[in-house]
Amino acid sequence: MAQTKKIEITINGKVISVPRGSMLLGAIKQAGFDVPVLCHHKDLTPNGSCRLCIVKVSINGRSSIVTSCNYPVRDKLLVVTEDDELNKHRKILAEMYLGRWPNVEAVKQIAKKCGVENSRFASDITDTNPKACILCTHCVRACKEFVLEEVLDFAGRGIKRHLTMPFGVVDRHCVGCSSCAYVCPTGAIEIVDDLNNPADPIMIRNHGMKINAEMATLDAVQNRMREVGTANIIDVMNAYDLLPVHNFRYGSHPEAHKIDSKMLKRHYFTQGMADGCWKGCSMACAKAVDGFVLRTGPYKGQKVVVDGPEYETAAGSANMGCFDPDFLVEFNFYCDTYGIDTISFSTTMAFVMEAFESGVINENDTGGMKLKFGATNEVLEILHQMAEGKGFGVEVGQGVRWLKEKWIKEGKPAQFLNDIGMETKGLEFSEYVTKESLAQQGGYGMAVKGPQHDEAWLIFMDMVNNQIPTFEDKAEALYYFPLFRTWFGLQGLCKIIWNDVVPADNYLQKEAHKIPEHVRNFQKFYEGMTGIPLDEKKMLDQIARVYNLQRIMSKLLGFGTRKDDRIPYRAMGPVTKEEYESRAERYDRQLKEIIGVDPAGKSTEEKMKILRKYREEQYEKLMDAVYKRRGWTKDGVPKIERLRELGIDLPELVEIVKDAQE
Ligand code: SF4
Ligand code: SF4
Ligand code: FES
């Protein structure tokens, strides 16, 4: 990464070095000096309106007075923060502010700092309201920078200048996020519409604002979610060989650029506004395509608005080998319109396509359609059939498990179908290649609700950030994260503000992969809402009750034991020769370095067998370790003593698990 160039400056005789282009106010603080500020806010772009932070700078002997909050350091400077002339200017300014707003606490403090106790400038424009607006512009900037709205601004000139929404009425673009109220130093803005009646709205706002500030300042360099939504993940997954291609056989594709975030942003996304996910969200990561003309189906020829595409829909398209962006947007639209989940559909279609291409099924099974990877017209046809309850679309609509069982009953090759049919507990895998991440295999397989997409973050932690390298780390992660994820999901909190945008210094924290500051934020939201303080232990106990209850319910329904947590081998390693050979260097190296087997002279089939045995054993070991940590039996059933510890050893629950105890 390119280093920011440093530059040496002298402040009140003290020499320090600061990044070129950084603001002088930060350098003054770094050197241990202070200047009064009124319009400055650490999370907002400086605008230099109050002029209290004035200092003298000299470059090559030429001196001038500048506002330090918005003065970028580009040259070697000599800086003076205090002398008679500066103090005199500041005093006059402070007197003027005090004259106009004599009872505003922030102004009184500033005046005191400047040595002013009374003002000579009291007049008929003096506003005695202790919560008067002092025109600092914090709110205007917060609305623009945090929320990407421009709902607030000033109207009038001179002494008539005042804060307002357009035409003086409540603007419909106001999302009610309260960012403006939070940054207001005087309390001039009050959010009156707090319908949820939180126990401590200030606590919620304090922590919410930190998140708003992070989104405003860090998202652009971390994920670009505000710009392109979750579509940014397509680019990352393809680069890390984790984007599912051709039924999870491969992790990247040369045509992936046709459906990546750059392409979608340049040619498709037309909306980037506060979205319907949550109106007050300043991230607004949902994107949309306006005026898209459909080419198939009941709305053929019509112009529509398409909500998306998001990562999983685009990745599902790659999984079906479909890299035509027009297809992607149309597929997205019709799945939404028909109420069909894009993930389950893509994973099922990808399975059908592999079965077709490998000759396990043929046109007699598909109603005459050639369902090869990349067959965009046929995919749309199946989607319409599914919605209309016609043809082969009805069978595809039953999902991977149903198709597997049907075809196996018809005598088609059971092991191959079980290996490539990407489902666990009857739910189709979401769109990530898990072969090289044991943690993510467990994350999907051992999720109580199945391999669903909100269980997929471990792949980032494991493969992209390498934060859980050892077996023990992975087992511990599979204890903590499913609990934490379930906890904040049930509280209605969003994953993006937990681990997509992270604090700039997160990497310095102990257990950085948990994003400790954001876990604390979430606990504070809970406390602010309910009035009940929460620490990690209380939080985990709270959710462990829910999680164990869910597991027991799954057992009751026939999905809650070890057999149900096993995953198809395609999720663990290469099923076909072609798959192994496409990444032969990687697999051969692993045989040698991890398993201790020399691949030289061995056939691909022999090497695949050794690799498979090793990976399946690792997965079984992981299940043992995770069950132990969760307080479950070796068969994955909650132990009665664990239920007792959690205070949920209710007779009805004990009845369900008692015969499965060790
Ligand atoms: S509540 Fe949010 S959107 Fe509305 S004016 Fe304030 S900052 Fe802007
Ligand atoms: S309302 Fe508050 S934040 Fe906005 S300009 Fe006035 S004092 Fe500053
Ligand atoms: S703080 Fe610098 S001009 Fe207001």
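How many aromatic pairs does the structure hold? In this predicted model, the structure holds 25 aromatic pairs. One of them joins Tyr97 and Trp101, whose rings are stacked, with 6.2 Å from centre to centre and 15 degrees between the planes. Both Tyr97 and Trp101 are buried.

The pair formed by Tyr480 and Phe481 has another geometry to consider: the ring centres are 4.9 Å apart and the planes stand at 90 degrees, so this pair is edge-to-face, given that planes over 60 degrees apart count as such. Tyr480 is buried, with a relative accessible area of 2%, and Phe481 is likewise buried, with a relative accessible area of 1%. Tyr480 and Phe481 also belong to a cluster linked by ring pairs, in which they are joined by Phe484, Trp487, Phe488, Trp498, Phe522, Phe525 and Tyr526.

**Charged groups over rings**

**Domains**

The chain is divided into domain 1 (6–82), domain 2 (100–183), domain 3 (225–428) and domain 4 (438–660). Between the C-alpha centres of domain 2 and domain 4 there is a distance of 50 Å.

**Ligand surroundings**

Which residues are found around ligand 1? They are Cys143, Val147, Val151 and Leu152, together with Cys174, Val175, Gly176, Cys177, Ser178, Ser179 and Cys180. Sorted by class, this shell around ligand 1 contains 8 nonpolar and 3 polar residues, and no charged residues.

Ligand 2 is surrounded by 14 residues, of which the closest are Cys133, Cys136, Thr137, Cys139 and Cys184. The shell around ligand 2 divides into 11 nonpolar and 3 polar residues, again with no charged ones. As for the space that ligand 2 takes, this is the largest cavity.

Taken by topic, the picture comprises a cluster of rings that includes the buried residues Tyr480 and Phe481, and two ligands whose shells hold no charged residues, as given for ligand 1 and for ligand 2.

Note on methods: Residues numbered from 1 in each chain as written. Chains lettered and ligands numbered in written order. Predicted model: local features only at pLDDT ≥ 70, side-chain atom pairs only at ≥ 80, totals over all residues. Heavy atoms only, no water. Phe/Tyr/Trp six-rings, centres within 6.5 Å; stacked < 30°, edge-to-face > 60°. Buried < 20%, exposed > 50% of the residue type's maximum accessible area, 1.4 Å probe, protein only. Domains from an automatic or database assignment. Near = heavy atom within 4 Å. Nonpolar A, V, L, I, M, F, W, Y, C, P; charged D, E, K, R; others polar. 1 Å grid on protein atoms, 1.4 Å probe; cavity = no way out; pocket = protein on both sides within 12 Å on 5 of 7 lines; lining within 4 Å. Sits in = over half its atoms within 2 Å of the grid points.
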